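Colleague: I would like a close look at one chain, and I am new to this model. Please show it first.

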Amino acid sequence: MKAAVITFPGSNRDGDVARALRQAGATVVSAWHADHELPHGTDLAVLPGGFSYGDYLRCGAIASRAPIMDAVRAHAARGGLVLGICNGFQILCESGLLPGVLMRNANLHFICRRQHLKVARADTAFTGRYHVGQVIDVCIAHGEGNYFCDEETLHELESEGRVAFRYCDAAGNTSREANPNGSLNNIAGVFSEGLNVLGMMPHPENLIDELVGGIDGRGLFESLAAA
Amino acid sequence: MKARVTVTLKQGVLDPQGKAIEGGLKSLGIEGIGSVRQGKVFDIELTTTDRTKAESVLREACERLLANTVIENYRIELAE
């Protein structure tokens, strides 16, 4: 598994996601937003968290038009794997690789805290090391994570099983109270139609070491490393 | 040639920022405010003087970057 972690101006979680991927056994190389091609032999393109272009205009909007994104689109069209975390998810939505949009959190606050997620499916390259319905404990850190799409798209996502993770409480209830940011149907992450692109607001790369509070994030990177 | 592009949220899209502004105005005691929805304004200087060309340039700018048409509408006004 060769993963290319793309740095945009304002990305700040690129080092952490690279560390998580290496720990899981993947080979990690860097890519730059102004590049026109992904490094040769890239299996997985990673769009890390951060604040690309200072979140100007709309979160992820300017980064989604960067030269490297044409290469990411072509990679995804060939069936290549793409992972976007937090700002990376916003970039994927803005680029059209995933449907919907991440709006301002319903309570208008930047939320930075631990958060439980329910794994919706375990038969993908991203989630193979989890099991369906498993509750994992990771982190969220965003001001614009409120997932929104039109009704038709929501119906499509739900009926095609393209919701990857939902916000839930420790017991796995995906209730309104367990929804931190107002996302439709507690959606925390979505897959593309071909299940080869995943965008998620939470940060699994924060929880890969017992030293800093837990290892529930490891499953995602280990799944990818084995894919 | 000068132009102004206004980007607003589509009807039916929740606007938490607009709601907060609405609450702010009401808490200032300003009477007569029904509701508030917020948006963005872009004042753009164009290099062309051809109105048809200017409109097509601005439409492309809106479609490709200035607006996210999943949730936003845009309006283009050219200065006389």
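Among contacts in chain A between residues at least 6 apart in sequence, what percentage join residues at least 24 apart?

Modeller: The figure is 74%, for contacts in chain A between residues at least 6 apart in sequence that join residues at least 24 apart; contact means heavy atoms within 4.5 Å. This is a predicted model, in which local features need pLDDT of at least 70 and side-chain atom pairs count only at pLDDT 80 or more, while totals for chains, interfaces and linings use all residues. Residues are numbered from 1 along each chain as its sequence is written, chains are lettered from A and ligands numbered from 1 in the order in which they are written, and side-chain values use heavy atoms, with hydrogens and water left out.

Chain A contains 5 helices and 11 strands (DSSP runs numbered from the N terminus: helices are H or I of at least four residues, strands E of at least two). Its radius of gyration is 16 Å, close to the 17 Å that the globule rule gives for 227 residues, so chain A is as compact as a globular protein of that length (the radius is taken over C-alpha atoms, and the rule is 2.2 Å times the number of residues to the power 0.38). Along the principal axes, the C-alpha atoms of chain A fill a box of roughly 45 × 35 × 35 Å.

Of the 227 residues in chain A, 56% count as buried (under 20% relative accessible area, with a 1.4 Å probe and protein chains only). One of the residues that count as buried is N186(A), at 6% relative accessibility. N186(A) sits in the loop between β9 (163-168) and β10 (187-191) of chain A, and has a positive phi of about 60 degrees although it is not a glycine. L195(A) is also a residue other than glycine with a positive phi, near 60 degrees. The loop that holds L195(A) runs between β10 and β11 (197-200) of chain A.

Chain A also meets chain B: 13 residues of chain A are in contact with 16 residues of chain B. The two chains bury about 1,200 Å² between them, 68% of it on carbon and sulfur atoms (buried area is the accessible area, with a 1.4 Å probe, that two parts lose on being put together, summed over both). On the chain A side, L57(A), R58(A) and M103(A) supply 41% of the area buried against chain B, more than any other three residues.

Terms used: Buried means under 20% relative accessible area, exposed over 50%, partly exposed in between (1.4 Å probe, protein chains only).
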